[in-house]
Amino acid sequence: MKSEKLSFAGSQGHRLMARLDRPASGEIRAWALFAHCFTCSKNLKPILNINRALAAAGFGILRFDFTGLGESEGEFSDTNFTSNVEDLLLAARFVAEYYTAPQLLIGHSLGGSAVIQAAGQLPGCRAVVTIATPYEPQHLNRVLDRKRAEIEREGEARVSIAGRPFTIKKQFLEDLDRQNLDRHIRDLGRALLIFHSPADTTVGVDNAAQIFKAARHPKSFISLDRADHLLLEENSAQYVGRLIAAWVEPYLD
């Protein structure tokens with residue numbers, strides 16, 4: 001695939017860095033938008049592998065770093081789930097302005113929660129794909145609980161996530177507690193494909209069952225067998241990309 005470096009303004013006015021992946025040759029069937037997992041970046045290897053498979057099938061995909069992560073400007077400590085959704089909406093509008101409105105939204109882990117919430121505000125969106133996504137964003141509380149008392153008392157705390165330190169402020173917890181993804185799942189109004197591994201020890205597969213139960217048809221679930229949460233095994237990620245390309249075909253304009 002060909003990859004082009006781009007940037008656009010995010011929800012807090014900071015410059016967000018992005019990559020536009022597309023087929024090496026030929027026309028683009030449809031545009032997609034990819035939202036990475038919590039505290040990850042657009043350059044996570046599984047995202048590249050999924051996008052390579054999608055590009056080979058004729059898709060153009062925008063992947064970007066949320067505010068304060070990866071190569072994007074801003075402070076992570078000033079962001080929250082709501083600002084991530086707003087970043088996602090601005091990314092979709094950027095694609096629509098310069099190319100064609102993305103018909104497919106893909107989200108990994110908490111990025112899946114974000115695309116579910118954003119889809120209802122994007123009329124051009126026809127289909128949504130979640131990968132290892134929690135049923136509620138509050139799933140993060142399991143990671144943050146050991147620091148919650150300090151955050152409540154001091155207003156912020158340093159939290160280790162995947163071996164890296166991040167500052168989490170009280171406003172992040174308050175925003176998380178206000179989220180109600182169940183309503184957005186029920187009102188999605190788009191085709192939904194759910195990927196999850198029974199071996200996922202970060203976000204249990206029961207979350208996929210809850211999302212599937214809450215969603216209305218058309219909806220599909222694909223088990224990823226022994227894949228890990230991040231899909232670090234190359235074949236697993238490319239398998240996901242190929243399946244997305246085949247599954248979404250009937251829903252595209």
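The side chains of Arg 63 and Asp 21 meet in a salt bridge, with 2.6 Å from N to O; a salt bridge is a side-chain nitrogen of Lys or Arg within 4 Å of a carboxyl oxygen of Asp or Glu. This pair links distant parts of the chain, Arg 63 being in strand β4 and Asp 21 in strand β2, 42 residues apart. The model is predicted: local features need pLDDT of at least 70 and side-chain atom pairs count only at pLDDT 80 or more, whereas totals for chains, interfaces and linings use all residues. Residues are numbered from 1 along each chain as its sequence is written, and side-chain values use heavy atoms, with hydrogens and water left out.

**Strand pairing**

- Strand β1 (residues 2-9) and strand β2 (residues 15-22) run antiparallel and are joined by eight bridges; strands (E, at least two residues) and helices (H or I, at least four) are DSSP runs, numbered from the N terminus.
- β2 also pairs with strand β4 (residues 59-64), in the antiparallel sense and over four bridges; strands pair if DSSP finds at least two bridges between them.
- Asp 21 is the bridge partner in β2 of Ser 3, and Asp 21 stands opposite Ile 61 in β4.
- The hairpin of β1 and β2 has five residues between the strands, and Gly 13 takes a positive phi near 85° there.

**Salt bridges**

- A search of the whole structure finds 18 salt bridges.
- Both partners of the Arg 63 and Asp 21 pair are buried, where buried means under 20% relative accessible area, exposed over 50%, and partly exposed in between (1.4 Å probe, protein chains only).
- Glu 4 forms a salt bridge with Arg 22, and the closest N and O atoms are 3.5 Å apart.
- Because Glu 4 lies in strand β1 and Arg 22 in strand β2, this pair ties together parts that are 18 residues apart in sequence.
- Glu 4 is partly exposed, at a relative accessible area of 33%, and Arg 22 is also partly exposed, at 21%.
- In the salt bridge of Arg 126 with Asp 253, the closest N and O atoms are 3.1 Å apart.
- That pair links distant parts of the chain: Arg 126 is in the loop between α3 and β6 (127-131), and Asp 253 is in the segment after α8 (234-248), 127 residues apart.
- Arg 126 is partly exposed, with a relative accessible area of 30%, whereas Asp 253 is exposed, with 66%.
- A network of salt bridges links Asp 145, Arg 148, Glu 152, Lys 170 and Asp 177.

**Helix contact**

- Helix α2 (residues 81-98) and helix α3 (residues 110-119) have axes that come within 9 Å and cross at roughly 65°; axes are lines fitted to C-alpha atoms, for helices over the stretch in contact, and angles run from 0 to 180 degrees between N-to-C directions.
- The contact (heavy atoms within 4.5 Å) is made by Phe 81, Val 85, Leu 88 and Leu 89 of α2 and by Leu 110, Ser 113, Ala 114, Val 115, Gln 117 and Ala 118 of α3.

**Surroundings of His 108**

- His 108 is found in strand β5 (residues 104-108) and is buried, with a relative accessible area of 2%.
- Not counting residues up to four places away in sequence, His 108 touches Phe 34, Ala 35, His 36, Cys 37, Leu 44, Ile 131, Ala 132, His 229 and Leu 230.
- Between His 108 and Val 143 there are 17 Å in space, C-alpha to C-alpha, and the two are 35 residues apart in sequence.
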